[in-house]
Amino acid sequence: MYYPEYDKIERYPAEQTVGFISTSAEWGIFSNFAKTPMVVNGVEFVCVEQMFHYIRLNSETERAEYLKVSPGMALKMKAKAFAKRGVERSDWREIAVDVMRFCLNHKYQASAEFRKALADSGSKYIVEDESNRKKRPDSWGAVLDTATNEFYGKNIMGRLLMELREK
């Protein structure tokens with residue numbers, strides 16, 4: 001990944017953590033898939049995940065096709081399919097975290113519920129809980145180590161949310 005400042009594995013005591021795992025669970029508004037409609041440059045998005053992958057694509061044709069995908073995990077799967085077809089921006093790995101930051105800023109502007117949740121999380125750590133994954137956490141989240149009762153991982157999403165909360 002192009003962002004060395006996010007390359008380190010971090011640890012977060014579970015009792016001091018706000019974890020989110022799905023849109024229907026507590027703190028689900030922090031999820032990329034949480035329905036937080038927003039309009040950016042005249043384009044309507046249903047959630048951050050949709051905006052993030054829309055920006056990832058390098059062709060207006062694929063972008064228009066992508067906007068027709070139903071919300072939910074289909075957004076992520078369709079984006080992966082596009083990437084395999086070679087329609088991903090050539091600079092994606094260099095800009096992905098900045099794009100997510102951009103998307104979260106728009107979500108913040110568009111959603112009072114999201115702003116309230118960030119404020120309500122206080123000074124707790126925010127973690128994208130990937131404990132249910134069959135493999136180790138990806139760069140965006142963290143998993144719970146039950147032996148130490150700590151979340152560990154790069155937790156880029158949680159870190160971006162905490163940075164936004166600090167602003």
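Which helix does Glu62 lie in? Keep in mind while looking that this is a predicted model.

1. Let's start with that residue. Glu62 sits in helix H2, which covers residues 60–66. Is Glu62 buried or exposed? With a relative accessibility of 12%, Glu62 counts as buried, because the cut-off for buried is under 20%.

2. If you set aside the neighbours within four places in sequence, Glu62 is in contact with Leu57, Phe82, Arg85 and Val87. One of these, Phe82, belongs to the stretch 73–84 that forms helix H3.

3. On to helix pairs. Two packed helices are described by the angle between their axes and the distance between the axes. For H1 (residues 48–56) and H3 (residues 73–84), the axes come within 10 Å and cross at roughly 10 degrees. Angles under 35 degrees count as roughly parallel, so H1 and H3 are roughly parallel to each other.

4. Which residues does H1 use to meet H3? From H1 come Glu49, Gln50, His53 and Arg56, and on the H3 side they meet Leu75, Lys76, Ala79 and Ala83. Sorted by class, this contact has 3 nonpolar, 2 polar and 3 charged residues.

5. The other pair to look at is H4 (residues 92–110) with H6 (residues 156–166). These helices pack at an angle of about 50 degrees, and their axes are 10 Å apart. H4 and H6 are therefore oblique to each other, and their crossing is right-handed.

6. What makes up the contact between H4 and H6? H4 brings Val97, Met100, Arg101, Leu104, Asn105 and Tyr108, while H6 brings Ile156, Met157, Leu160, Leu161, Glu163 and Leu164. By class, the residues of this contact divide into 9 nonpolar, 1 polar and 2 charged.

7. Last, have a look at a loop residue. Lys35 is found in the loop between strand E2 (17–20) and strand E3 (38–40). Its relative accessibility is 65%, and because the cut-off for exposed is over 50%, Lys35 counts as exposed.

8. Leaving out neighbours within four places in sequence, Lys35 is in contact with Val46 and Pro71. How far is the C-alpha atom of Lys35 from that of Phe45? The two are separated by 9.1 Å, with the residues 10 apart along the chain.

Methods:
Residues are numbered from 1 along each chain as its sequence is written. This is a predicted model: local features need pLDDT of at least 70, side-chain atom pairs count only at pLDDT 80 or more; totals for chains, interfaces and linings use all residues. Side-chain values use heavy atoms; hydrogens and water are left out. Helices (H or I, at least four residues) and strands (E, at least two) are DSSP runs, numbered from the N terminus. Buried means under 20% relative accessible area, exposed over 50%, partly exposed in between (1.4 Å probe, protein chains only). Contact means heavy atoms within 4.5 Å. Axes are lines fitted to C-alpha atoms, for helices over the stretch in contact, and angles run from 0 to 180 degrees between N-to-C directions. Angles under 35 degrees count as roughly parallel, over 145 as roughly antiparallel, 65 to 115 as roughly perpendicular and the rest as oblique. Ala, Val, Leu, Ile, Met, Phe, Trp, Tyr, Cys and Pro count as nonpolar, Asp, Glu, Lys and Arg as charged, and the others, Gly among them, as polar. A crossing is left-handed if the near helix is turned anticlockwise from the far one by less than a right angle, and right-handed if clockwise.
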